[in-house]
Amino acid sequence: MKKLATLTWLAACSTLAHAASADNVTLYGVVDMGVAYVNGGSTTMKAISGAGSTSRIGFKGHENLGGGWFAGFMLESGLQADTGVAGGTTLQGEQSLFNRESNIWIGSDSVGTVKLGRQYPAMISLALDPFLGVSGFSPYGTVISSNADLGRGATLGDSRISNAVSYTTPDLAGVMAQFLYAPRESTAAGYPRAADYGVEAHYSRGNLLYLGAQYNVVNTDPTATLASVKNIWSGVGVQVKLGDAILSYELNNVAPRAVGSYVAQSHMLGMTLAPNTRDYYQLALLYRNVAGAHDKNSFTVGFGYGYNLSRASTLYTRIGRVFNRSNGVSSLSGTTVTQAGDDVSVLAVGLRYRF
């Protein structure tokens with residue numbers, strides 16, 4: 001079966017690559033691999049895929065339909081560079097090859113764009129995070145999504161939303177908005193009508209790169225022991241460019257609507273500095289506050305440095321530390337704390353190649 005799956009994958013790659021010359025289809029990707037020292041109460045040295053950027057391979061295409069209209073698609077699969085495993089499992093337990101993106105769209109500059117399929121939720125820009133939400137290291141990507149301590153059923157939902165329909169408005173003098181709805185395909189008793197729905201709106205002009213907000217409703221699947229739980233995920237963010245530096249602030253609020261649950265707020269300050277074409281620096285400071293249970297609070301600092309060997313290849317290092325209060329379980333780089341209250345340290349060095 002593994003050999004058959006590999007042959008099928010290679011056949012699909014060959015077919016899409018052949019189409020690229022005629023139909024504006026692009027094969028692209030990232031291979032990112034490093035070595036990390038991790039301590040979350042106990043020390044581990046490990047190979048790590050995607051501390052700088054998530055390893056992935058994808059296909060995207062677009063077509064000019066005339067009259068200002070365009071159509072396109074994207075298929076993108078995450079990769080574990082250390083093992084070669086592709087794809088992943090969604091929160092609904094679906095095995096997905098193209099787990100990062102699987103969608104098709106149509107639109108125009110004057111009317112906007114409709115997108116169908118697996119895609120990002122309607123959320124504030126990932127560019128506000130200096131580490132772009134990369135789960136291999138980003139404090140934003142790992143700390144705010146770790147909500148097990150907020151109560152049963154607490155979640156931000158999947159990082160991409162399956163079965164989704166979204167509409168993005170045209171750019172109206174710097175103002176844009178996105179609306180997303182993901183209908184629940186199960187009709188069994190207890191399942192909500194929607195898995196996720198939300199809206200994001202922002203303004204950008206000149207050195208003000210982003211000023212926006214989001215509001216999402218995330219519904220979990222019911223289980224034998226837990227009914228469906230509604231979670232409200234909201235946030236605001238701002239990003240400005242000052243010389244060679246890009247500065248940002250972001251607030252995320254996670255509010256499970258289940259009895260006995262806690263609400264968490266995460267404040268992040270970020271900076272990216274690129275003084276020349278070779279070097280760049282990243283810094284993120286994130287404070288997580290759990291209302292009514294401050295012993296679960298945490299403070300995280302993340303630092304990154306990259307040296308561009310070429311347009312495609314980059315050497316990088318990542319240094320991070322999570323300071324947990326006595327019952328805090330916030331983590332970094334997928335590290336599991338040995339016990340609540342343990343701090344987490346990460347030191348990683350790696351090589352990234354983009355194609």
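Phenylalanine 323 is partly exposed, because its relative accessibility is 38%. Partly exposed means between the two cut-offs: buried is under 20% relative accessible area and exposed is over 50%, with a 1.4 Å probe and protein chains only. Before going on: this is a predicted model, where local features need pLDDT of at least 70, side-chain atom pairs need pLDDT 80 or more, and totals for chains, interfaces and linings use all residues. Residues are numbered from 1 along each chain as its sequence is written, and side-chain values use heavy atoms, without hydrogens and water.

Now the rings. Searching the whole structure gives four aromatic pairs. The rule covers rings of Phe, Tyr and Trp (its six-membered ring) with centres within 6.5 Å; planes under 30 degrees apart are stacked, over 60 edge-to-face, the rest tilted. One of the pairs is tyrosine 181 with tyrosine 197. Their centres are 6.3 Å apart and their planes meet at 35 degrees, so this pair is tilted. Tyrosine 181 sits in strand S10 (residues 175-183) and tyrosine 197 in strand S11 (residues 194-205), so the pair ties together parts 16 residues apart in sequence. Strands here are DSSP runs of E, at least two residues; helices are H or I, at least four; both are numbered from the N terminus. Tyrosine 181 is partly exposed at 40%. Tyrosine 197 is partly exposed too, at 31%.

Back to phenylalanine 323. It forms a stacked pair with phenylalanine 299, 6.5 Å centre to centre, with 25 degrees between the planes. Phenylalanine 299 is in strand S17 (residues 298-308), phenylalanine 323 in strand S18 (residues 313-324), and the pair links these distant parts of the chain, 24 residues apart. Phenylalanine 299 has 34% relative accessibility, so it counts as partly exposed.

Lysine 60 lies over the face of tyrosine 28, 5.0 Å from the ring centre. The test: NZ of Lys or CZ of Arg within 6 Å of the ring centre and within 35 degrees of the ring normal.

Next, glutamine 214. Is glutamine 214 buried or exposed? Buried, because its relative accessibility is 5%. It belongs to strand S12 (residues 208-219). A polar atom of its side chain lies 2.8 Å from the backbone nitrogen of isoleucine 124. Leaving out residues up to four places away in sequence, glutamine 214 touches several residues, including Ala122, Met123, Trp233 and Gly235. Contact means heavy atoms within 4.5 Å.

Compare leucine 65, in strand S3 (residues 56-66). Leucine 65 is partly exposed, at 42%. With the sequence limit of four places again applied, leucine 65 touches Phe70, Ala71 and Ile106. Valine 31 is 34 residues away in sequence and 34 Å away in space, C-alpha to C-alpha.

Last, two backbone angles. Which residues other than glycine have positive phi? Asparagine 163 is one of them, with phi near 55 degrees. It lies in the loop between helix H2 (139-143) and S9. At 34%, asparagine 163 is partly exposed. Serine 333 is another, with phi near 60 degrees. Its place is the loop between S18 and strand S19 (344-354). Serine 333 is buried, because its relative accessible area is 8%.

Conventions: Polar contact = N/O pair within 3.5 Å; in protein donor to acceptor, adjacent residues only side chain to side chain.
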